[in-house]
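Me: I would like to go through a protein model feature by feature. Please give the general idea each time, then the case at hand.

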Amino acid sequence: MSAVQQIDAIIVGAGFSGMYQLLSLRDKLGLSAKVLEAGDGVGGTWYWNRYPGARCDSESHSYMFYFSKELVHEWEWSERYPQQPEILRYLNYVADKFKLRPDIALNTRMQTAKYDEATNRWLVTTDKGDQYSAKYLITGVGCLSSANMPKIEGISDFKGKSYHTGQWPHEGVDFTGKRVAVIGTGSTGIQAIPEIAKQAAHVTVFQRTANYSLPARHHPLSDEFKQYAKEHADDIYKVMTTNTNGHPFSIADRSVFDLSDEEREAIFEEQWKMGGFQFRAAFKDILTSQEANDKAADFIRKKIREIVHNPKTAELLADIDHPFAAKRPPIDADYFETYNRDNVELISIRETPIERITAQGIKTTDHQYEFDIIVFATGFDAMTGSLVKMDITGRDQRTLKDYWYAGPRTYLGLQVPGFPNMFTITGPGSPSVLCNMPPAIEQHVNWITDCIRHMQQKGLERIETTEQASDYWQQQVDDAANATLLPKAKHSWYLGANIPGKPQVFMPYAGGLARYRAICDEMVAKNYQGFEFTH
Ligand code: NA7
């Protein structure tokens, strides 16, 4: 063990959140900070998720930092939806431009963080044997970073290769001539399956829950658009930060029922042709009225049946059991079209469940399949997984894992009672995954930075939220979710329902980014209502 290093802040994770938090504390407040990052590079989500077809489903000109005009001006995206390598290049560019690397410890996992009441410091240890004593502990571990490997019997018996999409090998995987299984048809599976099918000899997709997907209509950005995005950066940012979802477009102010069937159909058609999440924003009531949602859902089901030639496959794909967008809706490049290829087959594991994995492949209740490669596109222990995996102990020996045994408890998704001077960037209870992440992250980091500035200026040593504030906020999170159709998707990771045994609590705040921002600002104006400071 090395000597304990004194520092103002330890930040965990070097993705969008951790890097902007480092920059903010260091360059705006003049504090010392260290980012601990388990990977051997920066990038977070975009460092780990390197599977074929990995792309962002936010448009590139909105999936970026806006805090620096210079950065907005310098960086140029090449496509409408950026691919993983391009986003990783962007984040590396950010790390270099703002000289962040000296304050980022790569290949370093935070092992324990313990709050010491007597000194009001966090003692942090790492797997490298480093020790830090920090006034602030800030987590930027991402909402979708703890890979969910399903517990299927026999997994270790498989003699071929298997990969989880969230832990993809850096050297890539050669699917040429291989018989491949893909388990999972969430956003990741839907992105990866068409790309894998182009290479592999044969792909068998194991679908548990059929999913909606919208065409992304990928295309290179024209010079005119690139110019437009730079010249109108302020306007674009304003739209992103004053609407519900943080995207560079707003939800139309019309109901599905304001129009005749023909007019509505024409709008859905137009959105389908344009591609992307704008489809969801074409009407204001798609996520709040079941009847309105049915219209959108029926349109997509009709499209699936038109696209997919094999009627049995089309039925399995269109047999969707939840409202449209109640789970995060994927956007795709020829996903449904891929089932028209001769080398792609769809198996419903609702009809014939997987019994076990064998040395040769996968055994369902009615067939033994043989594979060379199994791809687990089975998602993440979302929002809380990475936080509770870390050994964090707050006041009075309270561990985060135990304190959250019945589900996460936070105030504004920013702080947890019993964990003084600890902040969670895009923690559970924040809008985060229900909107475009970078503006959500910028808002959180700016709020935390302003709060720490306030503490420094007023000579305040400690901030901690209360049980009462956390009860209040959980009610707000529940109310916001219940005002939408989101809780109707019973298997969603928003609810924690994808992880066996995980408490089912709706985790993100569904009230929208603009409303959330206003609440955060209001609490500050009311002298940080819900937080207690100590000198
Ligand atoms: P998701 O959206 O959680 O999807 C995971 C998929 O894996 C989904 O189809 C699951 O079926 C399936 N799954 C999970 N566990 C199993 C088991 N045990 N057996 C069979 N199938 C299983 O994760 P993604 O990585 O696709 O996307 C996550 C987010 O990343 C996405 O929303 C974007 O925001 C970016 P289920 O639906 O649970 O029946």
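Predicted model: local features only at pLDDT ≥ 70, side-chain atom pairs only at ≥ 80, totals over all residues.

Me: Into which domains is the protein chain divided?

Reply: Domain bounds come from an automatic or database domain assignment. Here the chain is divided into domain 1 (4–42 + 100–146 + 382–534) and domain 2 (161–376). Their centres, taken over C-alpha atoms, are separated by 30 Å. Domain 1 gives 21 residues to the contact and domain 2 gives 25, where contact means heavy atoms within 4.5 Å.

Me: How much area do domain 1 and domain 2 bury between them?

Reply: Buried area is the accessible area (1.4 Å probe) that two parts lose on being put together, summed over both. For these domains the value is about 1700 Å², with 57% of it on carbon and sulfur atoms. Asn436, Leu485 and His491 supply 29% of the area that domain 1 buries against domain 2, more than any other three residues.

Me: Which residues touch the most other members in the largest nonpolar core?

Reply: A nonpolar core is a set of buried Ala, Val, Leu, Ile, Met, Phe, Trp, Tyr and Cys residues joined through side-chain atoms within 4.5 Å; buried means under 20% relative accessible area (1.4 Å probe, protein chains only), exposed over 50%, partly exposed in between. In the largest core, of 77 residues, they are Tyr90 and Leu412. Helix α14 (residues 437–458) gives this core its largest share, eight residues. Helices (H or I, at least four residues) and strands (E, at least two) are DSSP runs, numbered from the N terminus. Leaving aside neighbours within four places in sequence, Leu412 has contacts including His444, Trp473 and Phe531.

Me: What is the strand order in the open sheet?

Reply: Two strands pair if DSSP finds at least two bridges between them. The five strands run β7-β16-β8-β9-β12, with parallel pairing. β7 (161–164) and β12 (344–348) are the edge strands, each pairing on one side only. β8 (residues 179–183) and β16 (residues 373–376) pair over four bridges, and Val180 stands opposite Ile373 in β16.

Definitions and conventions. Residues numbered from 1 in each chain as written. Heavy atoms only, no water.
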